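The report below goes through the cavities and the residues around them.

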Amino acid sequence: MTASKLDQLRQMTTVVADTGDIEAVRRLKPVDCTTNPTLILKAVENPAYAGLVDEAIAWGKKAGAGNEDTVHAVCDRLAVTFGAELTKIVPGRVSTEVDADLSFDTQATIAKARALIAAYKERGIEKDRILVKIASTWEGIQAAKVLQAEGIDCNLTLLFSLPQAVACADANAFLISPFVGRILDWHVKAGGGPYTAETDPGVVSVRAIYAYYKTHGIETVVMGASFRNTGEIEALAGCDRLTIGPGLLDELAAATGDLPRRLMPESPGEAPARQKLDEKAFRFAMNEDAMGTEKLAEGIRGFVKDLRSLRKLVAARLA
């Protein structure tokens, strides 16, 4: 009997679950797990996790009812609580996101990342089980550079372009999450297509980043993210890691047929010469890339919106 496409994918790529749903992770058995404010908000609104939410609210009430600092602290506690539960299920890493409204503040990002790692440590979870997720702005990438030097591994998210990937490599980031589906969304909205899995602009972008990293011996892990269909995933089979939502993981688990390896470190494809970007060069390269600039800004806005919704929900419960 042919192995499912998910089982075949697992032979060549580390499969990561893109969810805060603890039961889905238990069922799908990924190696790693990633969360973000949107996924935490969904999990908090799920009655199945009322106990975890109640604990964080009770802790917040003891800490000092209802001011803004308490609300933020409870939100951090919720993120760490869900992350801690996920570390009991996955054998690898759990990614926990720094507040998206700190995306343009290097020092505040560093402070928040250290605080998250300390909160995990209090629960007996060492930093080698956690990735701190940070938006791939110039400020976020510089924060990651400091954190990596301290031994705190970072997942640079909301990554849409090669200049972002180049800067992340220069910062020695542990891992980057280039977004496939959102790149496709932008091009479709701009009137492009129709696209196949091979011509999908998101797939093409990740393949180019993969080729750049492997050609130049860059150790930063490439983890494709934000998929719209299984075709995109299959076209990136062999990528270091792929973070996939439960719905698409289920589709892959149900699908059979041969899944050929598409990305290979020993023959990654053509890549441009190694680049070094200072702040001016980075900002100019991003400005030249309308898609990258727009999707990064939109992604931060989306995460901030859900973070505010989470804070509002917490503030109401504390009151």
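## Cavities and their linings

The largest share of the lining of the largest cavity comes from α5, with three residues. This is a predicted model, in which local features need pLDDT of at least 70 and side-chain atom pairs count only at pLDDT 80 or more, while totals for chains, interfaces and linings use all residues. Residues are numbered from 1 along each chain as its sequence is written, and side-chain values use heavy atoms, with hydrogens and water left out.

The structure holds two cavities of 30 Å³ or more. A cavity is a set of points, on a 1 Å grid over the protein atoms alone, where a 1.4 Å probe fits but cannot get out, and lining residues have an atom within 4 Å of a point.

| Cavity | Volume | Lining by class |
|---|---|---|
| Largest | about 140 Å³ | nine nonpolar, three polar and three charged residues |

Two or more lining residues come from each of α3 (37-44), α5 (68-87), β3 (94-97) and α14 (290-318); helices (H or I, at least four residues) and strands (E, at least two) are DSSP runs, numbered from the N terminus.

What lines the second largest cavity? Its lining includes E97, V98, D99, K133, I134 and A135. Strand β4 (residues 130-135) gives the most to this lining, with three residues.

Methods:
On a 1 Å grid over the protein atoms alone, a cavity is a set of points where a 1.4 Å probe fits but cannot get out, and a pocket is an open set with protein on both sides within 12 Å along at least five of seven lines; lining residues have an atom within 4 Å of a point. Grid points are joined across faces, edges and corners, and a volume is the space filled by probe spheres set on the points. Ala, Val, Leu, Ile, Met, Phe, Trp, Tyr, Cys and Pro count as nonpolar, Asp, Glu, Lys and Arg as charged, and the others, Gly among them, as polar.
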